[in-house]
Amino acid sequence: MKLELHRLKVKGLKFGEKTGFENGILTVSKAEILALVSEDPLLGKNIDVDIAMPGEETRIMPVKDVIEPRWKISGKGQVFPGMLSDVETVGEGQTLVLSGCAVLTAGKLVRFQEGIIDMSGVGSDYTPYSKTCNVVLVLEPSDPNMDKHDYEAACRIAGLKTAAYLAKSCAGCKADTVEVYERPTIREAMNSYPELPKVGYIYMLQTQGLLHDTYLYGVDVKRILPTIISPLEVMDGAIVSGNCVSACDKNSTYSHLNNPVIADMLKRHGKDFNFVACIVTNENVTLADKRRSSSYAAKLASMLGLDGVVITEEGFGNPDADLIMNCRKCEQLGIKTALLTDEYAGQDGASQSLADSCPEGNACVTAGNANEVIHLPAMKKVIGFAEEANVIAGGWNGSLADDGTITVELQAITGATSELGYTKLGAYTL
Amino acid sequence: MVKEIERKLPVVHMCTIVPISQTVGANRIVPTIAIPHPLGNPSKTPEEEKALRRGLVERALKALQTEITEQTVFTE
Amino acid sequence: MAFRIVHYINQFYAGIGGEEKADYTPEIRAGVVGPGMALKGAFKGEAEIVATVICGDSYFASNMDKATADILAMIKEYKPDAFIAGPAFNAGRYGTACGAMCDAVSKEFGIPVISGMYPENPGVEMYKKSAWIIETPDSAAGMRKAVPAMAKLALKLLKGEALGSPSEEGYIERGIRKNMFYEKLAAERCVDMFVAKLKGETFGTEYKMPVFDRVDPQPAVKDMKNAVIALVTSGGICPKGNPDHIEASSASKFGEYDITGVNDLTSETYCTAHGGYDATYADQDADRVLPVDVLRDLEREGVIGKLHNKFYTTVGNGTSVANAKKFGAEIVNRLVNDGVTAVILTST
Amino acid sequence: MYSLITNNAELHHSVKSGEYIEGSALDVLIRVRSLVHSGSIVLTHTLCGNLRPNHQPFRSVIVDEIQGPVDLDSLSVIESAVNVYQSSPLITPDELDDGRRNDYAYIDAELMRESLKHYGLMKGENLCNASSLLVKEV
């Protein structure tokens, strides 16, 4: 399987007549985007499109998802298979990427759905999406009493459509850089690098229910048994986020597309280990599902004869149980594990970080304590609904002060403690 | 708590959930009946209950008189 | 202008006496007393001990609330910039007193509080989250090493200097999680650790999962016929009305009750304070948790020498590891002093 | 016999069998714990996903009510949940304005929907799969 990522470096955004890209500047046609998005009858009339650039005194909230504009310019299928395009297998050919650019979907869904992105100030240090040129869709339902499933789906599709459209409009441009990824079949992988340990990546996806879901080729991952996927399919958007809750550690679609664990493992493939396979698995609500999926994922890893796996969790609370089950079962099959998660150690950092634990989990990296409190300065411009700060998870009544400053836990900041490790944040023990 | 006692005196831990007792470091363990009534069973007559309790306590005394080198669960 | 320090020591280090003076009531003296001299030397003038509080370990242990309040009042006048307690090395009650005073002073005055203890001291587990505790050897022989480290940490805290890791500064890890930005992405740090683990190299996990350590078993009881057996329970059994108000969960104390002449626990005389399970059955007949009736029979029949006249009880529901450790250590000391041979510990 | 233990009144009325607990999420967990102590098995995880005790006032747990020895998995899952709820600030349904209360109740019901269907507890729906034939180790 071979995939080329053709990257266009986006350094600036501006509105204009025609969506297009020229020497680093992406022109966004508001009319084209609005026409594209308002095809969907579920979305209301006064939708807006805005842009936010790194360093501006702008706050975006509440943010539902972040998507990187990508479009396949050659090869089977198209980006976001089974969700936006056909269900054909993706992950080979050529894909155009608007690097440094992101589409944000913002808008009220339910009263505690949150996610703050500050483009400048202390808040911008805690989210990778303050460094991207952001095209923001501000959405609302056509009927306020609309079923929340339908409205969530409408917002998700609107974001994906806009991202794909932006990239598609630049398909003709010559790439600034081209990255080539070549992945062997498992048989080839088994015969290569005999002196290196064979390893895999157990990729846990949030699948608790409405606002807590993830999609693989358009299939709700709640319904799957763990399966094997190529990292290259992930780069073409095979995994899409429908998860709106817990802004700090839900994996945005952007972070799936740019999964830093996959990126680092691909970089070190052939040097430190032989990266054989990626196993996606879920985090369901029933204990039977948790036991079934963790045993199945560990069995796949052992059938492949892996010596070790990296495991990343998404979310917290009952998903901690899945992380620990995956860890323990792999270790008991002789498969060494390293865990990547985040912590809920209370605002004083003195509570127990995870709701579950096992002695086998002796190699654990975390993206920090999501309960730590942060004071966000007032911003000149707010895209979305500022008063949400008082109701979001991680905020509390009075979070939003009259002067526009916000006091919240890191939990309310999109991607602050990303459990894919798409952040330099971490914690240490005082 | 059982660990601190064991530092100076032999102790037998009579408890319902054996794995927890093992985790907290008890060395002599006697499994009991149920969490709300470890040494009794309300559905039995008082005499039957006391006989049941006696059996468990005798097993505890036997555990105290048994040389062991590692965590041991006394089931009879 | 030198920083103002108040120093807390027990009756022994104040030269008043040993165990026999352990009930010495709190007193404050201006200036330096006992180990305070070594601290003064280590401060080299940057800080000075303006007053020393002296209190007997037993008095503090049995009148914790009153002693703490009295001492806080005494300290107030001296307007300290920092508070140093000990070092207590491995002395259990002295360490617990130092920890408790540090906790109270930091809550009351919000100033840096420092102590020094051997890691196994029960005071460490209980108060490491509210005080900076320098790791010391297990006896006063370690004074020469402990005092300079305590002084250095105190000065750093007073000057607001950035602190290194617990091992660099010499204090016991407090178990408080603090965020920081690392050089690398968390993903890269995880893969680094993964590679180190695969290769069997040493690595430092960023988050330690709680794990329990072991204690070797005691030798068996040889002569049960003359043995004194004591009953201890974490099932919360106590006299009717829970006279000592043992909390239903996260118990902060244990109870010691006399059962001389008691052959059976009845619903009129005993109940459970435990909030961790449905209390109906224990309240009906506490023997279902604490088998006094059967042990009295065995005593009468000569199978055991004697059922100890005191039993100990606490609520083992959510009780922190620290408190459980403290209760266990204190209870077993009392049992050894009373000549007990072996213990039956019941849990729900 | 499958049963839903919840402090979510609307959800309680929409299931075939269960117990409504008037009170906080912690009260629900304590009731589940007593059931587990007498042998019941916890079927849905006792912690909710992604929401802290001081955010989500509702808690719903499906149990298989049985009298018998303690199921260790159920015990560890319920005790750890009670510990989380006892060691963190708590919010109860009546502390929220109606708008937020309804949203949290809605999400609580939504996250249980899949499991309620699986265990045949939704009113007007018969068991949609053979989970009742599940053979437990004897």
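Student: Into which domains is chain C divided?
Tutor: You get domain 1 (3-169) and domain 2 (224-346) of chain C, with bounds that come from an automatic or database domain assignment. Keep in mind that this is a predicted model: local features need pLDDT of at least 70, side-chain atom pairs count only at pLDDT 80 or more, and totals for chains, interfaces and linings use all residues. Residues are numbered from 1 along each chain as its sequence is written, while chains are lettered from A and ligands numbered from 1 in the order in which they are written.

Student: How far apart do the C-alpha centres of domain 1 and domain 2 of chain C lie?
Tutor: They are 35 Å apart. Five residues of domain 1 and six residues of domain 2 of chain C still make contact, meaning that C-beta atoms, placed from the backbone, lie within 7 Å.

Student: Which element of chain C gives the largest share of the domain 1 side that touches domain 2?
Tutor: That's helix 5 of chain C, with three residues. Helix 4 (92-109) and helix 5 (122-127) of chain C each supply at least two residues to that side. "Helix" here is a DSSP run of H or I with at least four residues, "strand" is a run of E with at least two, and both are numbered from the N terminus.

Student: Now chain A. What makes strand 11 and strand 24 of chain A edge strands?
Tutor: Strand 11 (117-118) and strand 24 (381-384) of chain A each pair on one side only. They belong to an open sheet of three strands in the order 11-6-24, with mixed pairing.

Student: How do you know that strand 6 of chain A pairs with strand 24, and how many bridges join them?
Tutor: Pairing asks for at least two bridges found by DSSP, and strand 6 (residues 58-61) of chain A has four to strand 24 of chain A, so the pair qualifies. The two strands run parallel, and A:I60 has A:I383 as its bridge partner.

Student: Why do strands pair at all?
Tutor: Strands of a sheet pair through backbone hydrogen bonds, in a parallel or an antiparallel way.

Student: In which sense do strand 1 and strand 13 of chain A pair?
Tutor: Antiparallel: strand 1 (residues 2-9) and strand 13 of chain A share six bridges. Across them, A:L5 is the bridge partner of A:E179.

Student: How many residues of chain A are in contact with chain C?
Tutor: 43 residues of chain A, meeting 31 residues of chain C. Strand 22 of chain A brings the largest share of the chain A side, six residues. Also, strand 26 of chain A runs antiparallel to strand 7 (residues 177-181) of chain C, joined by five bridges. There, A:A427 stands opposite C:N179.

Student: What makes helix 2 of chain D "mostly covered"?
Tutor: A residue is buried if 20 or more other C-beta atoms lie within 10 Å of its own, exposed if 12 or fewer, and partly exposed in between, with C-beta atoms placed from the backbone. Ten of the 13 residues in helix 2 of chain D are buried, among them D:L29, D:R33 and D:H37. The buried residues pack against strand 1 (2-6), strand 3 (41-42), strand 4 (60-64) and helix 3 of chain D.

Student: How do you know that the span of helix 2 of chain D agrees with its 13 residues?
Tutor: The expected span is 1.5 Å times one less than the number of residues. For the 13 residues of helix 2 of chain D that should be 18 Å, and the end C-alpha atoms are 19 Å apart, so the two agree.

Student: Which residue follows helix 2 of chain D?
Tutor: D:G39, and its phi is positive, near 115 degrees.

Conventions:
Two residues are in contact if their C-beta atoms, placed from the backbone, lie within 7 Å.
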